[in-house]
Amino acid sequence: MRFVFYLLMMIAVALGVGFGLSYYALTDGRLFGVAQVGPWHAWPDVGAHTPNPYTRGHLARTAAFELGQSEGLEFIAAIDSDGEPLTRDCAYRIEGKTPLATFWTLVAVDEDGINVAAPDVAPAMRSSGIARADDGSIIINVGTSLLPQNWLELTGEGPFKLVLTLYDTAAFSGFSSDASMPSIIRGDCA
């Protein structure tokens, strides 16, 4: 009788660990195909002709229409550079350089993927419409209160994510964790 009990316990533990690791691989994925650069993460294998099994599982789970590998790469940040969650109660400064791309967009979305830009303003920042420093670096302020320079105005309350989509980028070739990505610096909070 004890043998059957221990066998059932081992099976339950194995199933729990297996399902837990599978869920982790498909949601977080840092150990299974996700490229992490500071607070930004991307699935660089998403648009490949034959993506790895973890990327296929991620695509099936999200059911999103992704860019092809020759079209672009999407980076998502749900935390700032200090590891704190992004919230609309705080202002943020995105500064630094982006990987080489023909064009890019920056969008703020809520947990359901709905754009949280304020009404009556552009729903996204575009690389073609921002002021840059002489060295090509960017500074973009993000928040619900008026901020100087390039500003992505948000509305509402609660957490949000930043989505930086690079179009026609070379980030696929030799992509590594030391790639240049802008920092996300938390400012004042309400």
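A residue is called buried when its relative accessible area is under 20%, exposed when it is over 50%, and partly exposed in between, with a 1.4 Å probe and only protein chains taken into account. By this definition, buried residues make up 34% of the 190 residues in the protein.

The structure is a predicted model, in which local features need pLDDT of at least 70 and side-chain atom pairs count only at pLDDT 80 or more, while totals for chains, interfaces and linings use all residues. Residues are numbered from 1 along each chain as its sequence is written, and side-chain values use heavy atoms, with hydrogens and water left out.

**Overall architecture**

The protein contains two helices and ten strands. Here helices (H or I, at least four residues) and strands (E, at least two) are DSSP runs, numbered from the N terminus. Their order along the sequence is α-β-β-α-β-β-β-β-β-β-β-β. A contact means heavy atoms within 4.5 Å. Among the contacts with a separation of 6 or more, 68% are made by residues 24 or more positions apart. The accessible surface comes to about 11,100 Å², and 59% of this area belongs to carbon and sulfur atoms. Such areas come from the Shrake-Rupley method with a 1.4 Å probe; for residues, only the protein chains shown count as cover.

**Strand pairing around β5**

Two strands are said to pair if DSSP finds at least two bridges between them. Strand β5 is joined to strand β9 (residues 161-169) by eight bridges, and the two run antiparallel. Within this pairing, Val107 has Val163 of β9 as its bridge partner. Strand β5 also pairs with β6 in the antiparallel sense, over two bridges. In that case Thr105 stands opposite Arg126 of β6.

**The disulfide**

A disulfide is a pair of cysteine sulfur atoms within 2.5 Å. A search of the whole structure finds one. It is formed by Cys90 and Cys189, whose sulfur atoms are 1.9 Å apart. Cys90 belongs to strand β4 (residues 90-96) and Cys189 to strand β10 (residues 183-189), so the bond ties together parts that are 99 residues apart in sequence. The disulfide is right-handed because the torsion about its S-S bond is about 105 degrees. Cys90 is buried, at 6% relative accessibility, whereas Cys189 is partly exposed, at 41%.

Most residues other than glycine have a negative phi. Asp120 has a positive phi near 70 degrees, and Gln149 likewise has a positive value, near 65 degrees.

With a relative accessible area of 33%, Val121 is partly exposed. The C-alpha atoms of Val121 and Glu153 are separated by 7.5 Å, although these residues are 32 residues apart along the chain.
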